[in-house]
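Please open the model in a viewer and keep the selection tool at hand.

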Amino acid sequence: MLALPASSMRSAVLVQLSEIGVTSGYGLVVFFLIGLFGGAHCIGMCGPLVTTYAERMETDDRWSGALTLYEVRQHTLFNLGRTMSYALIGAVFGTAGALLYGTIGLAGILGPVQGIVGICIGVAILGMGFTRLAGYQQGAVEGVIADTGIGSVFARTYTVISTRIDRWVNGVGIVGLGALHGLLPCMLLYPAFLYAFAQGSPVYGLLSLGALGLGTIPSVFLYGTVIQSVSARQRQVVHYGLGVLFIGLGYVLLAMGLMRFGVILPLPDIPYYQPIAGSEAVA
């Protein structure tokens, strides 16, 4: 296999950046909103760990319970670590999709495969959205997934986190604790990772999951510093909002997939990055 010249790789990345910059602003806003709405979900799933980090932070502040600049810095580093982890994993999923499309493109069947991927993943994300509207019980699906073969990955991640809290929480190592959260089971991330895979763009995967991570920062940061509880009812209201957003993402992918088979569904008159609906030409 011949390696692409570095100049060609840079050109491909610049083309993706230009396309995304012009056409995907709306999509990135949607991912940011998913993160913003999903902050309560993050608190429900990761709140105990965040509380543990807050309790282990060393401070010599003379006013008991007062928030210090040191704690603000540590929680900021933790959330930046989470966001970078989400973005990098999103890029991995986007790369996997790009490799699939590139390989299939050489076989001359890119269109049908893109259509099937769009339909399957679109239906899966739609199902996740409707599940939330129907009364999603937080942690239920994550628990089922954790009991599968990949559960050992989650278990090892929890072990790494628990054995390194005291060593990392009071220094820049807390960035690593945040990054490890990208490997924990999370029904907020799974639809986004699938969407990044379906788009088949490493750059879009990086930016979209980065936008989602940024959206989760306000609620998780506030929870770790000044807020210590979010009611189950409040989290359920948030899940309804997430359900609507996931249904929107799933519908777009489904419509783009069906378009490959000549079935046209109405799509919103907005710009978005849509390689699944693009041409079948392979450079």
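Two residues are said to be in contact, or to touch, when heavy atoms of theirs lie within 4.5 Å. The model on display is predicted.

Begin by selecting Ile-34. Leaving out residues up to four places away in sequence, Ile-34 touches Leu-188, Leu-212, Leu-242, Leu-245, Phe-246 and Leu-249. Ile-34 and Leu-212 belong to the largest nonpolar core, which has 51 residues, and these two touch the most other members. Next, colour helix α11, residues 232-259, which supplies the largest share of this core with 8 residues.

Now turn to the record. An unreviewed UniProt entry places the feature "transmembrane region" at several spans, including residues 86-110 and 203-225. Select residues 86-110: this span is 88% helix and 0% strand, and its end C-alpha atoms lie 28 Å apart. Then select residues 203-225, where the chain is 100% helix and 0% strand, with the end C-alpha atoms 33 Å apart.

Display helix α4 (residues 69-106) together with helix α10 (residues 202-225). How do these two helices pack? Their axes are 7 Å apart and form an angle of about 155 degrees. Angles over 145 degrees count as roughly antiparallel, and α4 and α10 are therefore roughly antiparallel to each other. The crossing in which α4 passes α10 is right-handed.

Finally, select Gly-213 in helix α10. Is Gly-213 buried or exposed? Its relative accessibility is 0%, so Gly-213 counts as buried. Beyond its neighbours within four places in sequence, Gly-213 is in contact with Arg-82, Thr-83 and Tyr-86. The C-alpha atoms of Gly-213 and Ser-85 are separated by 8.7 Å, although the two residues are 128 residues apart along the chain.

Terms used: Residues are numbered from 1 along each chain as its sequence is written. This is a predicted model: local features need pLDDT of at least 70, side-chain atom pairs count only at pLDDT 80 or more; totals for chains, interfaces and linings use all residues. Side-chain values use heavy atoms; hydrogens and water are left out. A nonpolar core is a set of buried Ala, Val, Leu, Ile, Met, Phe, Trp, Tyr and Cys residues joined through side-chain atoms within 4.5 Å. Buried means under 20% relative accessible area, exposed over 50%, partly exposed in between (1.4 Å probe, protein chains only). Helices (H or I, at least four residues) and strands (E, at least two) are DSSP runs, numbered from the N terminus. UniProt positions are given in the numbering used here, feature names are shortened, and annotations may be inferred rather than shown by experiment. Axes are lines fitted to C-alpha atoms, for helices over the stretch in contact, and angles run from 0 to 180 degrees between N-to-C directions. Angles under 35 degrees count as roughly parallel, over 145 as roughly antiparallel, 65 to 115 as roughly perpendicular and the rest as oblique. A crossing is left-handed if the near helix is turned anticlockwise from the far one by less than a right angle, and right-handed if clockwise.
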